[in-house]
Amino acid sequence: MRVVEAFRAAYGASPQTVWRAPGRVNLIGEHTDYNDGFVLPFAVPWGVTAAITPRTDDTIRLLSLQASGEPLTFTGHDQSTGWARYVVGVFAMLGDRVRGADIAIDGDVPQGAGLSSSAALEVAVASALNDLHDLGMTPMEIALLSQKAENDFVGMPCGIMDQAASALCEEGHALFLDCRSLASRNIPLDLAPHGLSMLIIDTQVHHEHAGGEYAKRRAECESAARKLGVPALRDVTDLAAALDRLQGDERKRTMHIVTENHRVEALIGLLRAGAVTEIGALLNASHLSLRDQYEVSSPELDVAVEAAVRGGARGARMTGGGFGGSAIALVPVERLAGVEESVTAAYAERGFQAPRFLPATPARGAHRLA
Ligand code: GLA
């Protein structure tokens, strides 16, 4: 393993443990997690590998195979910047349960594709520290701690979906998660017997204002829930009555969240019924709702989704936070080439940067490698 070789070269001994945690795509249930709703992500085959040995002092030495130069050294949590904050944030959240460590990181999540490389990094490091220090955290507790590192230390007010997917997913399954009770269930997602495959279309575009818009959506949802007198938009049972009491953006956001939760449940029903091809219609509906009601799509995502469906996909939608990143398309295997051609041609016609295509099979969540 090259991360072990890099660890030995930098620190002069073998790491005590090596953990791997994956990135994710979300099949459906977008922006529902911080509304106490339902999500259905699955882990992708790309992830982060963390090789770690604990230290007896509080120094953190950090090496990434994706960054050049000497290991970064931190003697206080606040010195960290950039990607290192996701790692140091995990240490900060663990507090005096851990001391410092020597760490080497290797990652192969396509950067900027919106596939949660940061959650993979947090969960890989948190899982390794849990193991090394016998902290006894469950995978969900590891996910919650990682989310807290991102909320309180990095300063991104994300929900629990990405970290939970990275910590809990199983190969060949999607993870159905109730983001209020945190009850979860792995749902088989076997597309091949149906002649289908899931194609990730990476727009290779990431809009700078994404973080600010994310926080704004979250605040709008919380404000709408307050006006409706419910703890979260998850609790809206009478959609018509709720929409009657709201206006403007808050009304639109509520329409998306409530119907998106319904779509998650409908999609699970179809999967359980073996009606896999039919989930495509729900993917399309989710995209339109994210585009028109939640307003988190982008021209690149819209063109990817439209061109994929025109090229023969059974359904497609943006996945993740939005404003760039990736779309997913459910594609009959014999139409894969046609869909890629259709999207590539549509991008060229509009003068967009060429997209990247990645086939996604549901992979395994965090696990120890050595
Ligand atoms: C980002 C966040 C998640 C979730 C999605 C939208 O990926 O990290 O918590 O809110 O956006 O579904």
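A polar contact is a pair of N or O atoms within 3.5 Å; within protein, one must be able to donate a hydrogen and the other to accept it, and residues adjacent in sequence count only if both atoms are side-chain atoms. I noted that the model is predicted, so local features need pLDDT of at least 70 and side-chain atom pairs pLDDT 80 or more, while totals for chains, interfaces and linings use all residues. Residues are numbered from 1 along each chain as its sequence is written, and side-chain values use heavy atoms, without hydrogens and water.

A polar side-chain atom of Asp33 is 2.5 Å from a ligand oxygen atom. For Gly159, a backbone N or O atom lies 2.9 Å from an oxygen atom of the ligand. I then checked the area: the ligand taken alone exposes 310 Å², and the protein buries 94% of that (Shrake-Rupley method, 1.4 Å probe).

I listed the residues around the ligand (a heavy atom within 4 Å); among them are Arg24, His31, Tyr34 and Cys158.

**Helices**

I turned to helices, which are DSSP runs of H or I with at least four residues, numbered from the N terminus. The axes (lines fitted to C-alpha atoms over the stretch in contact, with angles from 0 to 180 degrees between N-to-C directions) of α3 (residues 117–132) and α5 (residues 161–168) come within 9 Å and cross at roughly 50°. I recorded α3 and α4 (residues 139–154) as coming within 9 Å, with their axes crossing at roughly 125°.

Conventions: Helix = DSSP H or I, 4+ residues; strand = E, 2+ residues; numbered from the N terminus.
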